[in-house]
Amino acid sequence: MEQITIITQYFYPSHAATAQLMTDLAKGLSQKGYQVNIFTETQAKDTTYELSNQAIINRACSPIAASTSILSKIISSIFFLLDALKYVMLLPRTTPLLIASNPPYAGILGTIFKIVCGGKYHFLLQDIFPESAVMSGIIQQNSFSVIFFRKLIYLTYKYADNIIVLSTSMQCFLENKYPELKEKIKVIENWAVEDIISCDKEANYFAQQYNLDKVFTVLYSGNLGRLHDIETIVEAANILKNAPIQFVFIGNGVKTKVLKQAIQSNKLKNILLLPYQPREILHLSLTACDLSLVSLIPGAESIVAPSKLYGMLAAGRGIIAISSANSYIDQLLTNSGCGINTPPNNPQHLANLINELASDSIKVKLMGEKARQVYESKYTFKRALAEYEKLLFGI
């Protein structure tokens with residue numbers, strides 16, 4: 001039986017996007033008959049969840065839980081890497097590694113495994129580091145930290161058998177930066193963690209629970225991180241605070257405080273903030289709206305690929321994206337007709353667009369239908385699983 005070991009800081013039962021995606025991938029590969037070994041920091045509260053008989057989950061012992069605090073994330077990642085290193089060094093060199101870039105420098109485990117043990121590894125980039133940290137304002141451009149991490153990450157790229165990225169924009173960025181590594185860089189786009197069966201909002205229990213079934217609703221579901229242009233959405237909500245339009249945010253992240261401050265300062269009753277929802281009701285939470293939102297700060301489209309996009313496509317809801325003109329998201333929405341792109345840092349433009357669409361139910365419905373068609377034709381989990389199987393096992 002062929003084996004693969006997945007190293008990922010986040011795994012089930014974490015709600016993080018990486019955790020859910022890696023859980024899906026591990027389950028999918030194990031169901032195809034592969035022996036899947038997982039090493040993760042995420043602790044399990046119970047043992048009711050089983051991937052299959054072919055999956056073995058190993059959980060690190062970390063004395064500190066990661067949070068939105070940068071310091072806690074760094075400390076947590078160091079403990080995870082030390083535990084993971086001990087685990088990796090005991091693996092047979094014939095067992096390849098798939099390493100997710102959480103933490104972003106986790107690929108160093110693969111480099112050590114290859115140099116010391118002669119093994120193989122594939123590095124899966126959730127974002128391009130340290131560029132993502134510079135763009136987020138966490139570290140300064142041209143600082144010692146950036147220089148150090150760029151050299152470390154380059155070693156990870158150099159020794160990897162494959163560098164897996166999530167979008168063609170990320171691929172182009174890396175190919176331009178490291179043309180000598182071009183042949184290693186492969187694109188495998190993400191998927192919706194639930195194959196959602198679309199339903200009318202009016203018949204949606206989740207929508208009814210929060211009184212969304214009779215008001216035009218705009219949904220942002222997922223991480224509220226540093227690379228997401230949450231400020232533009234909040235200001236647009238402020239502009240529209242007297243309109244019959246409800247904004248719903250489901251998720252968490254460092255920019256949650258931006259939302260809370262705006263709600264309090266501007267007395268915004270048209271913003272509803274909810275925590276992450278369990279996977280088993282995602283088909284309800286993601287369809288409890290008329291439009292969905294995706295947002296990136298300028299330039300981030302080459303650094304990261306928002307996983308929330310695929311759930312929104314699967315939900316069959318039209319999408320408004322806040323991203324730079326001609327970004328891959330802009331091209332996807334424009335070419336398919338499933339959504340509209342609007343520039344970052346322009347809340348008035350966003351507010352005008354939402355207000356216009358709120359009065360055009362036919363266009364909104366058509367965008368949603370096209371979104372589902374795009375998902376079924378390009379972004380299902382079955383498609384992604386086949387691409388991973390081909391890359392990892394040559395099938």
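View 1. Helices here are DSSP runs of H or I with at least four residues, strands are E runs of at least two, and both are numbered from the N terminus. Along the principal axes, the C-alpha trace spans about 65 × 45 × 40 Å. Bear in mind that this is a predicted model, where local features need pLDDT of at least 70 and side-chain atom pairs count only at pLDDT 80 or more, while totals for chains, interfaces and linings use all residues. Residues are numbered from 1 along each chain as its sequence is written, and side-chain values use heavy atoms, leaving out hydrogens and water.

**View 2. An open sheet of seven strands, in the order 3-2-1-4-5-6-7.** The pairing is parallel; two strands pair if DSSP finds at least two bridges between them. Strand 3 (55-59) and strand 7 (185-187) sit at the edges, each pairing on one side only. On average, neighbouring strands are turned by 20° against each other, direction ignored.

**View 3. Strand 1 beside strand 2, with helix 2 on the sheet.** Strand 1 (residues 3-7) and strand 2 (residues 35-40) run parallel and are joined by five bridges. Ile7 has Phe39 as its bridge partner in strand 2. Helix 2 (residues 70-89) packs on the sheet and touches strand 1, strand 2, strand 3 and strand 4 (97-100), contact meaning heavy atoms within 4.5 Å. The direction of helix 2 makes about 150° with that of strand 2.

**View 4. Helix 8 packed against helix 9.** The axes of helix 8 (residues 230-239) and helix 9 (residues 256-266) lie 10 Å apart at an angle of about 20°. Axes are lines fitted to C-alpha atoms, for helices over the stretch in contact, and angles run from 0 to 180 degrees between N-to-C directions. The two helices are therefore roughly parallel, the label for angles under 35 degrees. Ile230, Glu231, Val234 and Asn238 of helix 8 meet Val258, Leu259, Ala262 and Asn266 of helix 9.

**View 5. Helix 11 crossing helix 14.** Here the axes of helix 11 (residues 308-315) and helix 14 (residues 361-378) come within 6 Å and cross at roughly 115°. Tyr310, Leu313 and Ala314 in helix 11 touch Ala371, Arg372, Val374 and Tyr375 in helix 14.

Methods. Angles under 35 degrees count as roughly parallel, over 145 as roughly antiparallel, 65 to 115 as roughly perpendicular and the rest as oblique.
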